[in-house]
Amino acid sequence: MKGPQHLIRRYKLLDAARGSFEGQAVQRKPILPAFPLQGNHFGNLLSATPSEFHSTLCNLIRNAQKRVYLASLYIGAGASPKYHAELELLDALGSTSENVNVKIVMDQNRALRQVPSENGRSTSSAEAVATAIRLRFNHTVHLFQVLPSPLDSLLPNPLNEVAGVFHIKAYVVDDSVILSGANLSQEYFTDRQDRYLWIRDGGNGLVDFYAELVDVLSASSATYGQNSKAETKASASKTKLLTQINELFRDDSEQTSEELFSNPKTTAVCVPTFHAPKGFWRDLPSYRTDIEATLDLLREGAVGPEAARMHLSSAYLNPTTELLRVLSEYPEANIVTAGRMSHGFRPKADRAGNKGKAWIPTVFDHLAHEASKRTHAHLYHWERQDWTFHSKGLWLEQDDNLAAAVLGSSNFGGRSFARDMESNLLMVLPPNDKSSIAQALQRELDELMYYSSRIDTKELVESAPPLPIHVKTLLPYIKSFF
């Protein structure tokens with residue numbers, strides 16, 4: 001590599017993310033595709049409020065001309081007038097022309113979960129969406145099953161969701177895609193803190209890439225029918241899905257990092273990733289997984305005297321041993337997670353779905369304490385009155401500015417690494433970058449820290465409500481479920 005040292009460091013970060021390692025005799029896996037993006041490719045959604053995310057998505061859908069492809073854990077069923085934001089989204093989906101291709105992919109178990117409505121009958125996410133889009137040959141709902149047979153039919157709901165879910169969030173409309181950790185329901189549109197990256201104008205092929213990913217996943221999903229169940233089995237087998245994922249997540253262009261950064265108008269080089277739960281594939285995948293890409297990016301960021309300053313955010317902090325080992329290499333690191341006031345599983349009087357789960361935030365207090373003992377990182381709690389916290393991501397600061405960022409569906413924990421299907425976007429920025437996207441990512445981090453306070457995890461655990469004895473006993477064996 002040639003050039004100033006600060007530029008070479010960016011090349012190495014990008015190589016690590018893609019899996020292209022200098023001096024490696026045999027390439028371990030094909031490198032991941034990379035997309036150089038310019039300023040016009042980014043919309044103004046970073047640091048947006050949930051309601052701004054909601055209105056942007058609804059407006060895009062209402063004005064769609066060719067396609068609406070949504071991949072999400074679930075979409076709110078709008079079972080009550082008080083869920084007005086869900087009803088607005090369903091209305092937007094219903095307003096699409098019959099000439100627009102509409103394809104919705106959700107987790108099968110979550111989308112079929114029954115939701116009580118005010119008229120006395122129950123509904124589901126799948127039923128509400130299917131009704132809204134008026135099912136036809138090019139308006140379809142697909143339900144992805146992560147669990148293997150017979151586990152998928154043996155476990156009752158919601159235990160089947162505990163075992164693993166389709167967790168990807170990618171919202172494609174025409175030549176735009178919004179990548180996020182947010183699902184599409186009322187709290188994510190009102191008072192749940194999340195992240196939103198809007199890529200426009202085709203994103204130099206990146207938008208089509210995500211549309212193709214949704215196509216591939218939908219073909220391996222059951223098709224929801226008018227009789228309120230997963231009516232048609234997946235048209236593609238897991239073997240075919242693996243072949244398609246292997247092909248999609250490989251780059252045969254042989255472009256080097258220097259070439260990807262060669263245009264002075266490039267403001268970020270973006271690398272999409274994919275991850276399936278352990279045991280999902282019968283054969284070993286040849287594609288480079290999200291876990292491999294993320295860990296290698298972090299390893300490279302920690303190298304040498306110019307090691308980056310690392311910030312990690314996770315709504316549900318439960319880092320794996322492998323991730324903790326990498327994080328411990330950073331001389332300066334901050335980890336942000338949900339405080340008790342803003343935890344997604346805090347007791348909520350108006351939400352029956354959290355009944356019996358009041359002990360879950362205490363579990364995460366214990367997991368945070370365990371993590372803090374194995375890294376040099378400072379731990380912060382994000383807390384805001386009447387809000388919950390759902391932001392997840394990574395930021396690497398190097399050479400006095402932002403060098404890389406990661407955004408997507410993963411919580412960087414045991415559950416994300418072992419049980420759920422995830423997708424992230426790794427972004428490497430040029431040095432001395434003062435572009436609008438670099439400033440927006442930095443501002444997003446600054447706003448995240450504004451509501452965060454440093455905590456002593458030992459004191460946190462000591463002051464936490466006691467765990468039920470059976471949970472405390474089993475916790476070492478069930479960590480991957482959190």
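Me: What makes up the protein chain in terms of helices and strands?
Reply: In this predicted model, the protein chain has 17 helices and 21 strands.

Me: What share of the residues in the protein chain is buried?
Reply: Buried residues make up 59% of the 482 residues. A residue counts here if its relative accessible area is under 20%.

Me: How do you know which contacts join residues at least 24 apart?
Reply: Start with contacts between residues at least 6 apart in sequence; 77% of these join residues at least 24 apart.

Me: What makes β1 and β21 edge strands?
Reply: Look at the order of the open sheet of nine strands, which is β1-β13-β20-β19-β18-β14-β15-β16-β21, with mixed pairing. β1 (35-38) and β21 (452-454) each have a single partner strand, so one side of each is left without a neighbour in the sheet. From one strand to the next, the twist averages 20°.

Me: How do you know that β18 and β19 pair, and in which sense?
Reply: Pairing needs at least two bridges. Strand β18 (residues 393-398) and strand β19 (residues 401-408) have six bridges, in the antiparallel sense. You can find one of them at Trp395, whose bridge partner in β19 is Ala405.

Me: What makes β2 largely enclosed?
Reply: Five of the five residues of β2 are buried, so the rest of the structure largely encloses this strand. In a regular strand the side chains alternate between the two faces of the sheet. In β2, Arg67, Tyr69 and Ala71 point one way while Val68 and Leu70 point the other way, and all are buried.

Me: Which strands pair with β2, and how do you know?
Reply: Arg67 has Asn101 as its bridge partner in β3. With β7, β2 pairs in the antiparallel sense over four bridges. There, Ala71 stands opposite Ala170.

Me: Which elements make a right-handed β-α-β unit?
Reply: The unit is made by β2, α3 and β3. The word right-handed applies if, with the strands pointing away from the viewer, the path from the first strand over the helix to the second runs clockwise.

Me: How do you know that the span of α2 is close to the expected one?
Reply: Helix α2 (residues 50-62) has 13 residues, and its first and last C-alpha atoms are 18 Å apart. The expected value at 1.5 Å a residue is 18 Å, and the helix comes close to that.

Me: Which residues of α2 are buried, and what do they pack against?
Reply: The buried ones are Pro50, Phe53, His54, Thr56, Leu57, Cys58 and Ile61. They pack against several elements, among them β2 (67-71), α3 (84-94) and β7 (170-173).

Me: What makes Lys434 buried or exposed?
Reply: Exposed means over 50%, and Lys434 has a relative accessible area of 61%, so it is exposed. Lys434 sits in the loop between β20 (424-428) and α15 (436-450). Thr267 is 167 residues away from Lys434 in sequence, yet their C-alpha atoms are 8.8 Å apart in space.

Me: What is the phi of Asn204, and what is the phi of Glu254?
Reply: Most residues other than glycine have a negative phi. Asn204 has a positive phi near 55°, and Glu254 has a positive phi near 60°. Asn204 lies in the loop between β10 and α8 (206-219), and Glu254 in the loop between α9 (238-248) and α10 (257-260).

Definitions and conventions. Residues numbered from 1 in each chain as written. Predicted model: local features only at pLDDT ≥ 70, side-chain atom pairs only at ≥ 80, totals over all residues. Heavy atoms only, no water. Helix = DSSP H or I, 4+ residues; strand = E, 2+ residues; numbered from the N terminus. Axes fitted to C-alpha atoms, helices over the stretch in contact; angles between N-to-C directions. Expected span 1.5 Å × (residues − 1). Buried < 20%, exposed > 50% of the residue type's maximum accessible area, 1.4 Å probe, protein only. Contact = heavy atoms within 4.5 Å.
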